[in-house]
Amino acid sequence: GQGAAGGGGDRGRRAAPGAAGGGGGGASIGIAIRLARGAARGPQLSDLRVVTASGGDAGDGGLGAAGGAGGSGGLGGVGTFGCARNAGRGGDGGAGGVAGGGGGGCGGSSWGVYLLHEAGDPVPSDYADDVTRGVRVEIAGSAGRGGRGGFSPTHPGLAGRAGEVASVLTE
């Protein structure tokens, strides 16, 4: 006679949880000017000296966790007269997948003057030019380094980018 089919294991469908990404480094901003909604100009800057500081380094990505062990197969079904006592046992499930490493965070930037518009509009170029003429920015700081990607045997995380350095940044 035939036995009942054996029960299945975990079958390797469960993977380890993903690793967290690294945090970004903090930016260093000498002066930040946010134009109010509807404004075309902000404060007038004249004969101003700004010395930049370094942006913060980013955090590294987390390590990928190992996959879980496979589940055990179920016992075989009961045999009937003339057959072995038990039918074949179910196969074991495969091991769970290995998680990928977390990506590294981006390094902090170093900006002398940061201009942005509250409404999300671009800063008018004539105002940005006036600010650039009225401020002398001395770049003393450096960009923060990007975080390293986290380790994983199969899918390591990508490294984060380094920050940027600019005298005047407009958005």
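These notebook entries record what I looked up in a predicted model of one protein chain.

**Entry 1. Overall layout**

I began with the secondary structure and found one helix and five strands in the protein chain. Read from the N terminus, the order of the elements is β-β-β-α-β-β. I then looked up burial: of the 171 residues, 30% count as buried.

**Entry 2. Strands S2 and S4**

I asked in which sense S2 and S4 pair. Strand S2, residues 48–51, pairs with S4 in the parallel sense, over four bridges. Within this pairing I located arginine 49, which stands opposite arginine 136 in S4. I next examined the two faces of S4, which spans residues 135–138. Val135 and Val137 make up the covered face, while Arg136 and Glu138 make up the uncovered one. The arginine that stands opposite arginine 49 is therefore on the uncovered face of S4, since residues Arg136 and Glu138 form that face.

**Entry 3. Aspartate 47**

I looked at aspartate 47, in the loop between strand S1 (28–35) and S2. Its phi is positive, about 50 degrees, although the residue is not a glycine. Aspartate 47 has 72% relative accessibility and so counts as exposed, the cut-off being over 50%.

**Entry 4. Threonine 52**

I placed threonine 52 in the loop between S2 and strand S3 (110–117). Is this residue buried or exposed? Threonine 52 counts as buried because its relative accessibility is 5%, and the limit is under 20%. I then asked which backbone nitrogens lie by a polar atom of its side chain. The backbone nitrogen of alanine 140 is 2.9 Å from such an atom, and that of glycine 141 is 3.0 Å from one. Leaving out residues up to four places away in sequence, I listed what threonine 52 touches: Ser110, Trp111, Gly112, Val137, Glu138, Ile139, Ala140 and Gly141. Val137 in this list belongs to the covered face of S4, and Glu138 to the uncovered one.

**Entry 5. Serine 110**

I followed the contact from threonine 52 to serine 110, a residue of strand S3. Serine 110 counts as buried, because its relative accessibility is 0%. Beyond residues up to four places away in sequence, serine 110 touches Ser28, Thr52, Ala53, Gly55, Gly141, Ser142, Glu164, Val165 and Ala166.

**Entry 6. The aromatic pair**

I searched for aromatic pairs and found one in the structure. The rings of tryptophan 111 and tyrosine 114 have centres 5.1 Å apart and planes at 20 degrees, so this pair is stacked. Both residues fall below the 20% limit for burial: tryptophan 111 counts as buried at 12% relative accessibility, and tyrosine 114 counts as buried at 13%.

**Entry 7. Glycine 108**

I ended with glycine 108, in the loop between S2 and S3. Glycine 108 is buried, with a relative accessible area of 1%. How far apart in space are glycine 108 and arginine 161? Their C-alpha atoms are 9.4 Å apart, although the two residues are 53 residues apart in sequence. With neighbours within four places set aside, I recorded contacts of glycine 108 with Gly25, Gly26, Ala27, Gly55, Gly56, Ala143, Gly144 and Gly163. Gly55 is also among the residues that serine 110 touches.

Terms used
Residues are numbered from 1 along each chain as its sequence is written. This is a predicted model: local features need pLDDT of at least 70, side-chain atom pairs count only at pLDDT 80 or more; totals for chains, interfaces and linings use all residues. Side-chain values use heavy atoms; hydrogens and water are left out. Buried means under 20% relative accessible area, exposed over 50%, partly exposed in between (1.4 Å probe, protein chains only). Two strands pair if DSSP finds at least two bridges between them. A polar contact is a pair of N or O atoms within 3.5 Å; within protein, one must be able to donate a hydrogen and the other to accept it, and residues adjacent in sequence count only if both atoms are side-chain atoms. Contact means heavy atoms within 4.5 Å. Rings of Phe, Tyr and Trp (its six-membered ring) pair if their centres lie within 6.5 Å; planes under 30 degrees apart count as stacked, over 60 as edge-to-face and the rest as tilted.
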